[in-house]
Every structure is written in C-alpha cells, then in structure tokens.
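Let's look at this structure together and ask what lies behind the words used to describe it.

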Amino acid sequence: MLTLTIPLETRTHRFGAAVVGGGAAGCLAAIRLAERGIGVALVEKAHIERSGCLAAGVNALNAYVGRGHGPGDYADYALADAHGIARADLLLSMARRLNGQARWLEGLGLSIHRDQEGRYAERGWRNVMVNGENLKPLLAAAARAAPGVTIFERAAATHLLAGDGSVAGVVALAAGQGALVIEAPAVLMATGGASGIYRPANDGRARGQSWYPPFNTGAGLAMGIRAGAEMTTLEMRFVALRCRETMAPTGTLALGAGARQVNGLGEPYEARYGRSTSQRVLAARRETQEGRGPCFLLAEASREAREGIYRAYLNMCPSQTLRLLEEDLAGNGTGDGAMRVEIGPSEPFVQGGHTAGGYWVDTGRRTTIGGLWAAGDVSGGAPQKYATGALAEAEMAAETMAEAILGGGLSPSGAGVQARAALDELSALLAQEAGPIGPADIEEALQRTMDLYAGGLGSGFRYGLRELSEAEARLGALEDLASGTRVSGQRALARLWEARERLVVARSLVAHLKARRETRWPGFGEFSDFPGLDPSQESYVNSVARDGRIEIIRRPLVKGDTYGHGDAAWA
Amino acid sequence: MGLRMDKGLCRGCGACLAVCPGDLLAEGQDGFPLLAEPDRCWSCAACLKSCPHGAISLWLSPSLGGRGLELTATEETEGGVRRLRWRAWRDGLRAELVTGPGQGY
C-alpha cells in the first residue's frame, strides 16, 4: 500500500510562558503572569469569550467563606465532603484566597447581590448570589486587555514538548489548517477535566446537553499522562445530581427556593442518607433502585418566586428555563403552587473541580514535571473549587511560575526535536481518503465500554474486578484501532485526536478504579468486590505512565499546610 | 443541540462565529451560520446573546421536554448597565423576562 504523509503547515512562536486552556483559570493566570512582565501565550481550542465551564454563566459563586467562618472551615468542609481523600495544604491555600477572587470579579464588573446592609448576599455560608451570566466575558475582556498576553484561539493543544523530565512548550492543532509550536520554558495546564469518557445521560442529538462541557476532552490530563506526569485520585469520579435531562443545577431550587427532595411516593428521604455530595447523589439513586422513584425537587413557589427561578436559570442554564416555561405555557404549572422538577444522576466525569482527580501538584501547584504547572479542574487533590477556587489556584500557580521564570532556574532543551516528533505523529494520521471507521465510532465504543464495564450510568455505577479487566482489554484494542485510523481534513484530525485523548484518560482511570479496593464514595461509584469503606485504603492512589504501562503509587495523606515533591515523608 | 437560524433576520455579521465555546459555528455555503455538529452543542446560549438581530433561537428537543418553544436573548445597555431581554414563543404563546443587575434573583 502506498502511504503518503501529508505534512502540517507549522508556525513556531517563543514566549516566556504558555497557558493551555482559556477558561477561568487560564485567563487569570495569563493576566497575572503578564503583570510580572512575562510574555504569555494563551492557547485556547475555541474562543475565550465563553469557553470553559462558565459558558452559560453562573447564578452563584459556590466557593466562598461566609460571615462567621474562616478559610479553615472551608478546607475542613471540602475534606470531609471528599470522605478524607483530599489535600489539606491545597484546600487551605485555596480557601484563603476565595473571597479575594470574589472581590476581584466584582471589580471587573460582576454583579454580586447585596443584602439590606450592603453586604454580599450569602446563600448558606459558602455561597454568594450573583448575576453571573457574563462572568466569562468579563474575564476574557480582562485577558484581552492585558498587555503582554497573546491569545491563540481555535488552537487545540495536543502535545507537551517534554524531553528528559522538563517541559519546553506545547504543540497545538490550528482549526482551519496546520499546527502551532509554542516554545516556552514554563507551561500552565488549565484545560479542565474530561467529559465524554462515559456514555452520556442524554442520547442522540441531545447528547451534548451534559453537566460538564462536552468540549472538555481531557486534553490536559492526556498530555500529562503521556509525558509521564503523576496523577492523583482519578478514581474519585464526579457524578452530578441534576435536574433530569436538562442537567441543570439543583442548588438553584434547593438553596434559592427552599425546595426539598421527595421520592415517587411523595416522601422526603434526604435525612435517611448522609449529607456529603456523594451521599446526596446516592440518596436519589437508592430511592429509585429500591422502587421508590422517580425523585423530585418540590418547592412552593408564588408567581414572583417562580419568575425569580426562571431568571436564575437564565443566568446559568437557559435550557432549564425553557423546560419550565414549556410546562408553564402548557398549563401544567400556572400561577401559584408547587413546582416539581425531576432529578437524577449524570454520567461520571473525571475532574478536579468538584472531585479530586487530576495532576498531583505541590502546594505551589507545580506538577512532577519540571516547567509544568496545573490549576483549575485539571489539577487534583482539591475538590469544591468552583470558579473562585479555580481562580485562586491560577493565581498561586502564576506566582510560583513567575518566580521560576524570573529566577532563571528553568533550562528547557530539545524543543525542536520534540516538536518534530509531535508533528510527525499528527500528520501520520492524515490520509487523502479516510477509512470506514472514524473518530465518532471510536468514541462511541469507548463510551459503551466504560458505561458497561467501568461503572457508568448504564451499569448503575457499579463495577467489579472482572468488569474492569474487560474494560482494560477493550480499551487496549480500541487504542490499537485508533492508532491505525486515518482521517481526511483538519476537523476530523482534531476529532480523532480528541478520541485518543479520551482513551488515554480512560485507561488511567480504570487503573485507578482497580487500585482503590473499597467503596469510599458510593454515590459516585460502587466496587462490587469491595463494597464498604476500608480504613487501610486511607491514602492517595496516584499513577505514572511509563513505557505505556500505568504504575500505581500510593501516598500517605497530606495533613499539614505544605507539601513539596521531594519531601521525605511522602517519598 | 437545538439552534435555529432565522435567515430573514440574520445580516451575516459573523458575531456568533467568534463566541461558541466549542467552535461549532461556521459560515455555511449559503453565507449563513451553520451548526456543523448539533450533537456536540452544549445549549449554553452564547450565540443567542451575541446576535444583535435576535436571529438565533434555542429550542429543546422532545427528549429534554421540549415542545417547540424557542428562546432568544437581546443585550440592552442602559446607563452603563447591561441586561438581557429574553423572549420565548411558541404558537400563540409568549413569555418575556429580563435578567441582569437590579432584576432580582
């Protein structure tokens, strides 16, 4: 067979630092680095205006230290919510900066609700209400206005340039045509976590209607895994309890309108379960599994309160307002009276924003690879971040990055050779004529495999050792299939690479699921061979990929307020 | 997922092409914006809000509870305060809501 390699047209740029991913964390980090006089490349696969988790907006800042509480309370809450498997140092350092981020956002123009005394209107003690529909455009405008920030949009990073244990830049596929090489001695990974690893809760044309952005392919995780970075706690997958189908948040109704959960028999059930995030997801699932479903959020809402809820959802998830209006206009819920919204679980996601899966970083947000930092949902060990926590992490990462860059301690090498290898790998996937199997087919097979054999929605979030072994075998075969797949055109190439990224993340995830021999977060997943909590498993499950094999490393819990990669206590 | 482009209202300004968080909108062969991969759309409404002419509407597929109601959003700035006027319609039914500072929760 005649093989033609189609070369990718390439442009090379050099910067003081590169930030991968233009979501909330990426925008802020780029701004802070530029303030220190460092020339920054901000590399974004779509458009920074609305990219990331904040695309539709938010109606609350969910990570905030309310009146009468301190940062330690927030860290304690998040650690307890994670059933002990999170990093005290990361949580505390993040919590100390949460309220500062809220004030900074208000300075950018975010409208934060105030009470009659002029203080931020708190909703519970960890939450302030905002008109945050435009939160991301405000951040994007600040990044655009920052001198020293160069923004590359429609550029999907595919490879870290990482030779001999340190990073020298990134390679990105440009939409339209060709590729970019960004050489930089310091790189911040801020791509967010991974969706699309499991079969989504919605099907067909509505499959993109997911809890997490369908565009978050786990690119940052995959790049790190491939470069040999240590990852932590991937097995703590996040499963969101949401309004059924629209995947809208339940907190808007629960905290905003005092809604309570009832099962199909009309009985309240929350008190019978624990109050952690995992236990609350479990509650609705168990009620349904045991024949008392479906479950609902029930609120007494006047016409005025109802319109308040409509507006709150327009600020965050307009589909839910559409859904409620459909019912309202059809005469199902006119005027005063009860609002009833069905709730159910999402499919599982891998991310470090709500749960703790992601890069293993030190307190300064340095990864285990020289010259590489991580912040936001791609960074592990610190759950309950939400927008303000992601910003806090980005700020801390930018500070330690600036110190390293300005201190002159970084000495990357081999960028040219690494870039050549990456570009060759990408262009080898292009052919004049595509084969019968395409990226969407590979993704569908991946999602089916994970759904059935690694505790997806379709298997009731249960998995066992034999199922996980089956998942491993199938993922291996899919990786072989994906490496032999050839596509035609730039968009198909980007999609094929995304499918491969998801496969890389899935393989590490399955290794982590296998390694944690207990069921610590039953709402997120249940290990049928190890159904209970096991005190001997109170450690971090970490992993490093070496020569295509995933090596598991168990590390003792970090309980103090600092952690360094070389510290003897955790070696 | 469900976006409808009203070709009678669209002026081809291209504003929507530069805001999609999934980079899913491109100029179609007829010069109008085209959602190339509807099954990847997150229904975030970024494109609706960016359209100065109200030419893009969001609708829900029946599997999500939709019955054909369409939703648009138009930006309004008054005294330096930015608000969004949302309009929903289906058959003879209409609803309108304003979000932004001072509009309550």
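**Reading the labels**

Just after α8(A), A:G291 takes a positive phi of about 90°. This is a predicted model, where local features need pLDDT of at least 70, side-chain atom pairs count only at pLDDT 80 or more, and totals for chains, interfaces and linings use all residues. Residues are numbered from 1 along each chain as its sequence is written.

Q: Why are α6(A) and α15(A) called roughly perpendicular to each other?
A: Helix α6 (residues 219–227) and helix α15 (residues 490–515) of chain A pack at an angle of about 65°, with their axes 8 Å apart. Angles of 65 to 115 degrees count as roughly perpendicular, so that is the name for this pair.

Q: Why is A:T233 called buried?
A: Buried means under 20% relative accessible area. A:T233 has 1%, so the word applies. A:T233 also has a positive phi of about 55° although it is not a glycine, and it lies in the loop between β12 and β13 of chain A.

Q: What makes B:D23 count as buried?
A: Its relative accessibility is 9%, so B:D23 counts as buried too. B:D23 sits in the loop between β1 and β2 of chain B, and its phi is near 50°, a positive value in a residue other than glycine.

Technical notes
Chains lettered and ligands numbered in written order. Heavy atoms only, no water. Axes fitted to C-alpha atoms, helices over the stretch in contact; angles between N-to-C directions. Helix = DSSP H or I, 4+ residues; strand = E, 2+ residues; numbered from the N terminus. Parallel < 35°, antiparallel > 145°, perpendicular 65-115°, else oblique. Buried < 20%, exposed > 50% of the residue type's maximum accessible area, 1.4 Å probe, protein only.
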